Amino acid sequence: MKKAIIIGSGIAGIASAIRLKGMGYDVSVFEANSYPGGKLSEISVGSYRFDAGPSLFTLPNLVEDLISSTGKSPSDYFQYDKRDVICNYFWEDGTMFSADSNAQTFAQEAANVFDVEASQIEAYLKHSEKIYNLTSKVFLESSLHKSSTYLSLETLKAILNIFGMNISKTVDAVNRERLSDPKLVQLFNRFTTYNGSSPYQAPGIFTMIPHLEHNLGAYFPKGGMYSITQSLYRLAKDIGVHFHFENPVKEILIKNKTAIGIRAAEEVFADVVVSNMDIVPTYKKLMPSVKAPESTLTQERSSSAIIFYWGIEKEFPNLDLHNIFFSDDYQEEFKAIFQEHSISNDPSIYVHISSKAKKSDAPDGCENWFVMINVPSNRGQNWEKLIADSRKSILNKLSRILKVEIEPLIQLEELLTPELIESKTSSYQGALYGASSNSKFAAFLRHPNFKKKIRGLYFTGGSVHPGGGIPLCLLSAQIVADLIPNPHYD
Ligand SMILES: Cc1cc2nc3c(=O)[nH]c(=O)nc-3n(C[C@H](O)[C@H](O)[C@H](O)COP(=O)(O)OP(=O)(O)OC[C@H]3O[C@@H](n4cnc5c(N)ncnc54)[C@H](O)[C@@H]3O)c2cc1C
């Protein structure tokens, strides 16, 4: 039986393990931590449970497809619900808007609150759908680094429509052209943060992101986000994938331009090695003698995050699963992150409360608040000061808008910072999504899923093609599996 080694059990590592096992490989996963999931993990403090990282979940069919690919029934492993409300939005001037998941209802209700016609919003969502449909097969579901991708009908269609994709304008410019109300522009600008980028720099093609939630739906797993990791980990074990925890890989063994295995606690040999470790430390730490593609590795990193996990001794009926408290100066917020590598004094705040969907995540009468702001990646800033200042501005803003003093309600607190994200998952600079998408060339500058000059070596996960976020990581695993020789056809 041919052997495959996966370095890391992030979501893309587990998904790659499942795909390769399905192809007939004997698969072993080596993980530095004592638990699977990488960024997609959880923490429990007192009687509260928090999803540690991702909270927004779209395209659940990708999880189901992965489970089905093994011949198992998806519902035996993974269950989720569609959300009626996508997000509750709050502004300083008292405006509050609850975004309904039904596109027509959303457009109608937005027209009542903002200075726009419902038809304008409907047209915006159609435009978003069109760009997604034109680009997803080429940019998200295929390797951009194989000539076969450029010979397909989908690529031809995408190229013919390239002028309609707003590649030369920013997301903000497209949104201002298409939407007449500044608050609605801000609401749709926000989606650029889903790949850790700035709406004032990222190309307009990313106006496709709202299509995912507003047309295809926002979902939440029944057991919370961490149940995605748990389900796929259970599935991988059921089909015979071997996991080795607390066993960091220190070197990728290369001989005659071929990856032949790894050195972890001991040397282990294999026919295929897949690294789910961030691509920068994969080069710098695991194969320092291999010439690194510096222009790829030095791409600007995506944003990172500061998260306060707060056990809150009160219930807030006006909050939902996802809530955003917008800053008055959104442009300044992104300038601080990407130009000044700092944090503005009024950052937008995202509050995720999983106990709204999974009651047992907080004690009766309480809520588990995951309070996040977007921040720059870690370049050795004075985080202690930035965190203390941000905590103050967050508490002031939430107390002001919700008209309740929040600090006395905090029963317990945990913290996640760019430095901790980096140390817990080896993500370069603690970036959430690998390289940023602030450049129109970003998609082409991401590292390919294979290494041209080293046979048997592949890469999967948020720092390589097609990018970060759970759906793209699952697609990354699928692309890797498509690139790896299938032992059945050898
Ligand atoms: C705070 C936060 C919020 C986010 N929000 C969302 C969201 O709402 N929706 C969404 O879709 N995405 C979100 N993301 C992004 C998403 O979590 C990631 O894109 C995705 O989980 C990355 O998965 P990955 O497979 O690349 O691996 P990672 O999660 O980065 O895990 C890599 C794994 O490899 C292991 N590893 C590294 N080096 C070694 C080594 N040498 N040997 C052995 N093991 C090693 C690490 O320990 C880790 O377990 C968020 C991320 C964070 C941190």
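Predicted model: local features only at pLDDT ≥ 70, side-chain atom pairs only at ≥ 80, totals over all residues.
In soluble globular proteins, nonpolar side chains tend to be buried together. The largest nonpolar core of this model has 111 residues, and Leu20, Tyr89, Ile228 and Leu232 touch the most other members. The most is given to this core by helix H5 (residues 118-140), which supplies ten residues. Leaving aside residues up to four places away in sequence, Leu20 touches Ala4, Ile6, Tyr25, Val27, Val272, Val274 and Ile484.

Strands of a sheet pair through backbone hydrogen bonds, either parallel or antiparallel. Here, five strands form an open sheet with parallel pairing, in the order S9-S2-S1-S13-S19. Strands S9 (242-244) and S19 (457-459) stand at the edges; each has a single partner strand, so one side of each is left without a neighbour in the sheet. From one strand to the next, the twist averages 20°.

Within this sheet, strand S1 (residues 3-7) and strand S2 (residues 26-30) are joined in the parallel sense over five bridges. Ile6 stands opposite Val29 in S2. Helix H1 (residues 11-23) packs on the sheet, where H1 touches S1, S2 and strand S13 (272-275). The direction of H1 makes about 170° with that of S1.

**Helices H7 and H8**

Helix H7 (residues 171-178) and helix H8 (residues 182-189) have axes that come within 9 Å and cross at roughly 140°. This crossing of H7 and H8 is right-handed. The table lists the residues that make the contact.

| Helix | Residue range | Residues in the contact |
|---|---|---|
| H7 | 171-178 | Val171, Asp172, Asn175, Arg176 |
| H8 | 182-189 | Val185, Phe188, Asn189 |

By type, the residues of the contact of H7 with H8 divide into three nonpolar, two polar and two charged.

**Helix H9**

Is helix H9 (residues 209-216) mostly covered or mostly uncovered? Helix H9 is mostly covered, with six of its eight residues buried. These buried residues are Ile209, Pro210, His211, Leu212, Glu213 and His214. Their covering includes strand S6 (85-90), strand S7 (96-100), helix H4 (103-113), H5 and H8. After H9 comes Gly217, which has a positive phi, near 115°.

Key:
Residues numbered from 1 in each chain as written. Heavy atoms only, no water. Core = buried A, V, L, I, M, F, W, Y, C linked by side-chain atoms within 4.5 Å. Buried < 20%, exposed > 50% of the residue type's maximum accessible area, 1.4 Å probe, protein only. Helix = DSSP H or I, 4+ residues; strand = E, 2+ residues; numbered from the N terminus. Contact = heavy atoms within 4.5 Å. Pairing = 2+ DSSP bridges. Axes fitted to C-alpha atoms, helices over the stretch in contact; angles between N-to-C directions. Left-handed = near helix turned anticlockwise from the far one by under 90°. Nonpolar A, V, L, I, M, F, W, Y, C, P; charged D, E, K, R; others polar.
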